[in-house]
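Hello,

Here is the structure I promised to pass on to you. Have a look at it first, and then read on for what turned up.

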Amino acid sequence: MDRKVVVPGDLLSEDAKRSGDGTYIKDKCVYSLLYGLANYRDKINVIPLAGKYIPAPGDNVIGTVKDITFSNWIVDINSPYDGLLHISEFPTRIDSEEMSKHLRIGSSIMTKVKDVDPTMKVELTLNDRKLGKIMTGQVIEISHTRVPRLIGKGGSMISMLKKEVNCNIFVGQNGRIWINGGAEDTDLALKTIHLIEKEAHTNGLTDRIVAFLKSEKGARS
Amino acid sequence: MSSVISEIRKDFIYNLLLKGERVDGRTFDQYRDISIERDVIRKAEGSALVKLGSSQVLVGIKMQPGEPFQDTPNRGVIITNAELVPLASPNFEPGPPNEVGIELARVVDRGVRESKAVDLEALCIVPGKQVWIIFIDVHILDDCGNILDAASLGAIAALLSTKVPASRFGLGEDYMLPLNDIPVATTAIEFGDVLMFDPGVDEESIANTKLTVITTAKGEICGMQKSGKGLLKPEQIYRIVDIACEKAREIREKFLEA
Amino acid sequence: MDKSDISFFKDGLRLDGRRADQLRPIRIEVGVLARADGSCYIEMGGNKVIAAVYGPREVHPRHLQEVTRAIVRYRYNMASFSVEERKRPGPDRRSYELSKVSREALEPVIMTSYFPRSVIDVFVEVLQADAGTRTAGINAAAVALADAGIPMKSMISSCAAGKVADTIVLDPMKEEDNFGQADLPIAMTPGGDITLMQMDGGLSPDEFHQAVEMAMKGARDIYEMQRAALVEKYGKIEASTIEVNACE
């Protein structure tokens, strides 16, 4: 795979059809919009090294309640845009007066982006079995730009990790990750996630992570 | 603009503390790495860039002749100012210094003043008419916690490298600013009965109370400031003071006395 | 000092030994601040300037929000100790004007439509001033924007030309700026589109032409340095990865 560090405005191709994520077309040529790593396949995508999470419908995210209104919880989702969780999106039927009994300011939730309108009003939902309030475990934050590598192709990396470290892990597209398990297992999960974050842009990542887990577990027993 | 800290994060830090651990693996009285670079700003009479962990503070000293205060006609003047510029933290906003910035500047000033580090009488040029005015300007560049200790360190380090610009004002040759003491401020936070020195941002955001103790080279206390809306028991204060003296001595020996 | 007291050239070289068309030494470092989303430190001659970018983030106060795009704010600020005579802290008329034109120098390339209702904050602190702080600030700000992952059509590079002793010179330093005959700072895209254009003093149309060409050449060279600094930061990430692997 051909990869190259690029900065905004770099010419990537003279074939407009190859314009992918993080690029734009001007005078039939493809240019980079971002500082990052250009991936040359059929399409050329530029993967940024930094940047804020912008919510999209269907994303799983982890949020923290920062305010409560008459019928909405306002949720910080590590983004320029707050999420709104409407009372009707709570899994059980509750009254407006009881809202803070269920989720108060400071509560963390595993939630899903239900809809985003053009003015970036972000609606959240808890209506799914795997979603809900976080009661135990730990939430850590990595750059959201590294999340795709943590999940892996078709979820390969994350399912391998869950199995190997024996922890519950919920990955938010916004870079927040919930880990729940024994102290030692959690530690190993943390170490591994940080390693993936650090090496997200390198080749042969999965193999290295497998080797890393093997040697760590070997050292333990 | 400050965001809420989640309960789960708070609980996590608290549970670590109960086990005697900190987020970044330090012991409760351990400072982050300190580096001090002096004379970084050529346009200033003295300057120092302090890095305390990832926190960065730049202090510049400017001097100029001016009028003394009426009640102290034979003494130079120290004016300390701190800029918590919005470049340094998502929580800082543009505009004139707020109470946090003013408190910081005043505590930095207190250390320099009360330790009598600067011999103000030696800064008299013409009694009652002309004295040296020292401006200590604190510029916070990156707030990763405990900027007060970093600013205090920066102020004294910058003063230690300050050359009085006498020739520029036709007052003879330039000379190094004489100093009589090296005050060092150390800050601890209290959280759920646990004390922690040199708090990081996370630790600061969950702490109720902060205590800063400024000590002189002789090991005397020359300034203090409790900050935050929590309570401190006398025993906690005595304990902080004991450790503060010790920590200040270490920092002074290692970074300021050369 | 009177300008007749100064001779700006000696043996065809400037007071600091530069040729007329030569930049001062430049050093650029990317990602120097931990709290900011993107940051850059630049030294251009005696100028020491640091830039930080925060955002896109929520707009406060809310009424400044725009429904279809991000707003950009740029704050140029000088540290009190950055100049010979201590500057009173806080903004003045000069810093308001420089903030405005610097913001407008960068705005044309920032994809603000990607982030409705948000703000991209650019903060520039001049730690030491030595003529050309606005150009140094814009150069640092463009790198900091890239470092923050802000989508942009291109980088922006900025440089000034001036006129001293009837000669057009690149990147004037303090003495040339104070006692020179003209100052002309520009900013531009690497493609040569001008986004900042200011001028004071006196130039003939021919001299003006020559000054613009020279400033553009300087900006192009600065662009290469901005680019190299960004690529180098990435190289550091790579290097640390290799170290980790070696440890295992």
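**The sheet in chain C**

Five strands of chain C make up an open sheet of mixed pairing, in the order β3-β4-β5-β7-β6. At its edges stand β3 (26-30) and β6 of chain C; each has a single partner strand, so one side of each is left without a neighbour in the sheet. From one strand to the next, the twist averages 15°. Please keep in mind throughout that this is a predicted model.

One residue pair to look for is E29(C) with its bridge partner Y41(C), which lies in β4(C).

**Where chain C meets chain B**

How many residues does each chain bring to this contact? Chain C gives 25 residues and chain B gives 28 residues. On the side of chain C that touches chain B, β5 (47-58), β6 (71-78) and β7 (118-128) of chain C supply at least two residues each. The largest share of that side comes from β7(C), with five residues. Both β5 and β7 of chain C also belong to the five-stranded sheet described above, and so does β6, one of its edge strands.

**Chain A**

Chain A has 221 residues, of which 39% count as buried. Its secondary structure consists of five helices and 15 strands, and its C-alpha atoms fill a box of roughly 60 × 55 × 20 Å along the principal axes. Of the contacts in chain A with a separation of 6 or more, 55% are between residues 24 or more positions apart.

Chain A also holds an open sheet, this one of three strands with antiparallel pairing, in the order β1-β5-β6. Which strands stand at its edges? They are β1 (2-6) and β6 (44-48) of chain A; each has a single partner strand, so one side of each has no neighbour in the sheet. Neighbouring strands here are turned by 25° against each other on average, direction ignored.

Within this sheet, β1(A) pairs with strand β5 (residues 36-40) of chain A in the antiparallel sense, over five bridges.

Best wishes

Key: Residues are numbered from 1 along each chain as its sequence is written. Chains are lettered from A and ligands numbered from 1 in the order in which they are written. This is a predicted model: local features need pLDDT of at least 70, side-chain atom pairs count only at pLDDT 80 or more; totals for chains, interfaces and linings use all residues. Helices (H or I, at least four residues) and strands (E, at least two) are DSSP runs, numbered from the N terminus. A residue is buried if 20 or more other C-beta atoms lie within 10 Å of its own, exposed if 12 or fewer, and partly exposed in between; C-beta atoms are placed from the backbone. Two residues are in contact if their C-beta atoms, placed from the backbone, lie within 7 Å. Two strands pair if DSSP finds at least two bridges between them. Axes are lines fitted to C-alpha atoms, for helices over the stretch in contact, and angles run from 0 to 180 degrees between N-to-C directions.
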